[in-house]
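I open this notebook to record what I looked up on helix packing and on ring contacts. The entries follow the order in which I consulted the model.

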Amino acid sequence: MALQAAGRRSLVDTVVDALRAQLTAGTWPVGERIPTEHALAEQLQVGRNTVREAVRVLVHAGMLRSRQGEGTFVVSCTDPGDIMRGVQRAGVRDVLELRIALEAEAARLAAQRHRPDDLDRMRAALDAQAALEAEGGQPFGGDLELYADHDVAFHRAVVEAAHNTALTATYAWFSSSVREALVSSLGDELMPRIVHGDHRAVLDAIASGDPEAAEKAARALLEPPKRAVEKLLAER
């Protein structure tokens, strides 16, 4: 099936869109080699350099993989970037529900796999947050953004303590949505305040090496904001 010729508005972007559409449509199944640069250039009526740049974009996106001397093969028919952008556009409740799923499992694994320096990072984040609040003499120590940064640093430390590369990478991408939702919640008087004792409970459970207690503490930590969001949505 020949690709339609690309226009001139932005050649590389147009070719990326055309190739992505073909991948999504299943023109080339996962595992199959895509046509050569020369063949694609003829189909799209563009230069080979343009095709090469477009393929490089899709390799970086995780849809294609180049093998030296063999060609370029389909890895995925779905653009992971589209999925992650969807996560970024998710509402607060969606973010909280995904946080619970990720962080509860991360806490359970962290209780089994943590190292001393993992616990040090968790304590450092909580201590920095508590110090900011104590020194500022006002809510969030007068710096809501920094207060949120310390909170996110704690949760990232918990996830990293699970020593699961895929989980860490997923949460690292997701953490921008976590921070955005957190800043929004902190500035909303109808949302519950952060309770340091709940965070310490997660840390203590992980440090004790009790997976069930760690998972339970992680879920309990996020349950109040989840209930608050559900209540607000129900009242709309």
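**Helix packing and ring contacts**

I noted that H7 and H9 cross in a left-handed sense. The model is a predicted one.

I then looked up which residues form this contact. On the H7 side I found Tyr147, Asp151, Phe154, His155 and Val158, and on the H9 side His196, His199, Val202, Leu203 and Ile206. Sorted by class, the contact of H7 with H9 holds six nonpolar, three polar and one charged residues.

I next took the geometry of the pair. Helix H7 spans residues 144-160 and helix H9 residues 196-208; their axes lie 11 Å apart, at an angle of about 20°.

I turned to a second pair, helix H5 (residues 92-113) and helix H10 (residues 211-235). Their packing angle is about 170°, and their axes are 7 Å apart.

I listed the contact of H5 with H10 in part. Residues of H5 in it include Val92, Leu96, Ile100, Glu103 and Arg108, and those of H10 include Ala214, Arg219, Leu222, Lys226 and Glu230. By class, I recorded 13 nonpolar, one polar and nine charged residues in the contact of H5 with H10.

Finally, I checked the rings. My search for aromatic pairs returned a count of zero. I did find the charged end of Arg67 over the ring of Phe73, at 4.1 Å from the ring centre.

Definitions and conventions:
Residues numbered from 1 in each chain as written. Predicted model: local features only at pLDDT ≥ 70, side-chain atom pairs only at ≥ 80, totals over all residues. Heavy atoms only, no water. Axes fitted to C-alpha atoms, helices over the stretch in contact; angles between N-to-C directions. Helix = DSSP H or I, 4+ residues; strand = E, 2+ residues; numbered from the N terminus. Left-handed = near helix turned anticlockwise from the far one by under 90°. Contact = heavy atoms within 4.5 Å. Nonpolar A, V, L, I, M, F, W, Y, C, P; charged D, E, K, R; others polar. Phe/Tyr/Trp six-rings, centres within 6.5 Å; stacked < 30°, edge-to-face > 60°. Lys NZ or Arg CZ within 6 Å of the ring centre and 35° of its normal.
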